[in-house]
Amino acid sequence: MSEVMVDSANGKAKPESRLEEPICRDLRSTDGTADASTQIKTVTSESSTNTVPAEDISSMELANVPKDEESAQNRLYIKRGHVVNHDGMQQADVYIEDGTVRYVGSGADFVVPGGCRTIDATGKLVMPGGIDPHTHFQLEFGGTVSVDDFYKGTKAAVAGGTTTILDFVLPKKGESLLEAYDAWRARADPKVVCDYGLHVGITWWSKSVRDEMRILCQERGVNSFKCFMAYKGLYQLNDSELYEVFETCKELGAVAMVHAENGDIIAKNVTKLLTEGVTGPEGHELSRSEEVEAEATNRACVIAHQAHCPLYVVHVMSKSAGIEVARARRRYNGTGIFGETLAAALGTDGTHYHDKCWHHAAAHVLSPPLRPDPTTPEFLMKLLAQDDLQTTGSDNCTFNRNQKELGLKDFSKIPNGVNGVEDRMSVVWEKGVQTGLIDPQRFVAITSTNAAKIFNLYPRKGRIAPGSDADLLIWDPKAVRTISASTHHQACDFNIFEGMKCHGVPEFVIVRGRVCVEYDLIRVAEGQGSFLETPVYPSFVYDALNGVARPEEGLEEKHARNGIQGLELNAKSGHEVDIPDTYALPEKYIPGPALSVISGDSQLSTPHSARGHRPDGQKNMQESTFSISEELDKSEARSCIRVRAPPGGKSSGFW
């Protein structure tokens, strides 16, 4: 493997840094001529006569780059693709220069400049690069450190089509938030191969924490803070502390985040199960059942509402918790509450905890856990389809076999975490678009655009438009790959999606204008990514809370929800029948308002997938609608829920 790094002071190459080994290929353009920019030359550093600025280096083009090739690195033309944004799809060409999208439109109206590499995307989808809002690279947890560091983790992300990640700074109890933030930056900056931002965990509470939150918002580029309702004695905050954190977030224009599980109940259950001799991985899920997640989710939404603070519920893993997010969004007219689920929750389930192989079961342990109900993945995907949940993360926090063995005789000591950063995009496509539940536009929304909007990176990220960063994918919806630990790029020795056949593969992944993935070839260099500041007061979050009308957002949302606006959440139904509680919640536990089924005579139109047109009810994807009808069975009807409007009209707003 070539060992070269770049001295940022003078831009010269020097030995020692990890890089992907150069592979010489002569890639041909559509007219049969060799594209100079794709002929990768292996030249020793001693023979180099030109130096290339560190910020312009792709790991394959390190030495002796002629002027025309250097120009081609900065200019890229993608022709004849179908450009997909969350709010529309069009056949268009895309021109990129110096890491920025400069033109999107008809090729007939654009003159391609000289020295420009051209990629023919005929029959392919050109989409914004994925944004993973939830990763944990190099995380110290349970006496060990997750094996995907910021190099391996972001490299795997890019391999799978994700071009931006948001990681979590998690201070130890009593540790300065600013010192923890600096430590995370020191770990990440030299290693990341794509752009990244940071959330900060509020793992303890005091006046000094409040003061440091202000500094992080005003000076360090942070606009989101995560609270824990679980991990008693380690990270857990009580309700009073949660309220104060939420108040502070509102005051600063930040987004509050919450890990919603009842930590007090979990602690009691863990002690009880271990006393009864339950020590294996199955005890993990038994100690924190669905209602434990659902109760905390509802409580967090209520506290946030009382504090007038926007709330982002991370890793919604169960039907019950998903229903609580849906109820809260309906109570507050879709403002102020946002929900995230994981690739893990969409692509597998909790039946693995009972596998006879301890290591197999332990490899699936994360919190909240996967649920043993095998219908959970489809249910959560339907919540994403109808905008009850907005984003998909990976919660990538990987530990190898020997690390998981720390809990060999006590499930509570198994390090929590699974893979997902590399396979997230493919899993969402397979479980959403390939099954016909969502269309490519909604795919873009839930894997990229919504996260960009919530954390104030849009339209720089999450969109293909002039002025946006050139983070994009050329996606082949017909290509197929099989997920396996033997072929993935992550450092972990297990893959929870092992053997899953996925339709939809990123043939090209472009990060800030650099072609970093080209079919099965990866070209990345440590440190080529940059830290992203996330400004406070994201308009997507705060405009609605503050009653600011955004007319232009109305049209976007019509498309962004895959036609789900036809659900009419607050309209009165001819069938005001409460949905039976079939989601493992006790009869007396109904924290949210009563739910009712949408009218049985409403129209059905299912969006078509990339596999081709679906029969009956098909419409142009930009004008598709989706609602409940008698054709849906009872289980499907229960997944499309709304709140009965109060007497006298529409429900009140967030305040």
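Visitor: How do E14 and strand E15 pair, and over how many bridges?
Guide: E14 and strand E15 (residues 311-313) pair in the parallel sense, over 3 bridges. This is a predicted model. Within that pairing, Leu311 in E15 is the bridge partner of Ala256.

Visitor: And which strand does E13 join?
Guide: Strand E13 (residues 224-228) is joined to E14 by 5 bridges, and the two run parallel. Opposite Phe228 stands His259 in E14.

Visitor: Where does the chain go from E13?
Guide: It passes through helix H5 (residues 239-252) to reach E14, and this β-α-β crossover is right-handed.

Visitor: Is E14 itself mostly covered or uncovered?
Guide: Strand E14 (residues 255-259) is mostly covered, with 5 of its 5 residues buried.

Visitor: Which residues point which way?
Guide: One way go Val255, Met257 and His259; the other way go Ala256 and Val258. In a regular strand, side chains alternate between the two faces of the sheet.

Visitor: Zoom out. What is the strand order of the open sheet?
Guide: The order is E8-E11-E12-E13-E14-E15-E16-E17, 8 strands with parallel pairing. Strand E8 (130-135) and strand E17 (391-393) are the edge strands. Neighbouring strands are turned by 30° against each other on average, direction ignored.

Visitor: What about E8, how many bridges to E11?
Guide: E8 pairs with strand E11 (residues 162-169) over 4 bridges, in the parallel sense. Asp132 has Ile165 in E11 as its bridge partner.

Visitor: New topic, helices. Which strands does H8 lie across?
Guide: Helix H8 (residues 290-306) lies across E14, E15 and strand E16 (337-342), at about 170° to E15.

Visitor: And H9?
Guide: Helix H9 (residues 319-331) lies across E15 and E16, running at about 160° to E16.

Definitions and conventions:
Residues are numbered from 1 along each chain as its sequence is written. This is a predicted model: local features need pLDDT of at least 70, side-chain atom pairs count only at pLDDT 80 or more; totals for chains, interfaces and linings use all residues. Side-chain values use heavy atoms; hydrogens and water are left out. Buried means under 20% relative accessible area, exposed over 50%, partly exposed in between (1.4 Å probe, protein chains only). Two strands pair if DSSP finds at least two bridges between them. A crossover is right-handed if, with the strands pointing away from the viewer, the path from the first strand over the helix to the second runs clockwise. Axes are lines fitted to C-alpha atoms, for helices over the stretch in contact, and angles run from 0 to 180 degrees between N-to-C directions. Contact means heavy atoms within 4.5 Å.
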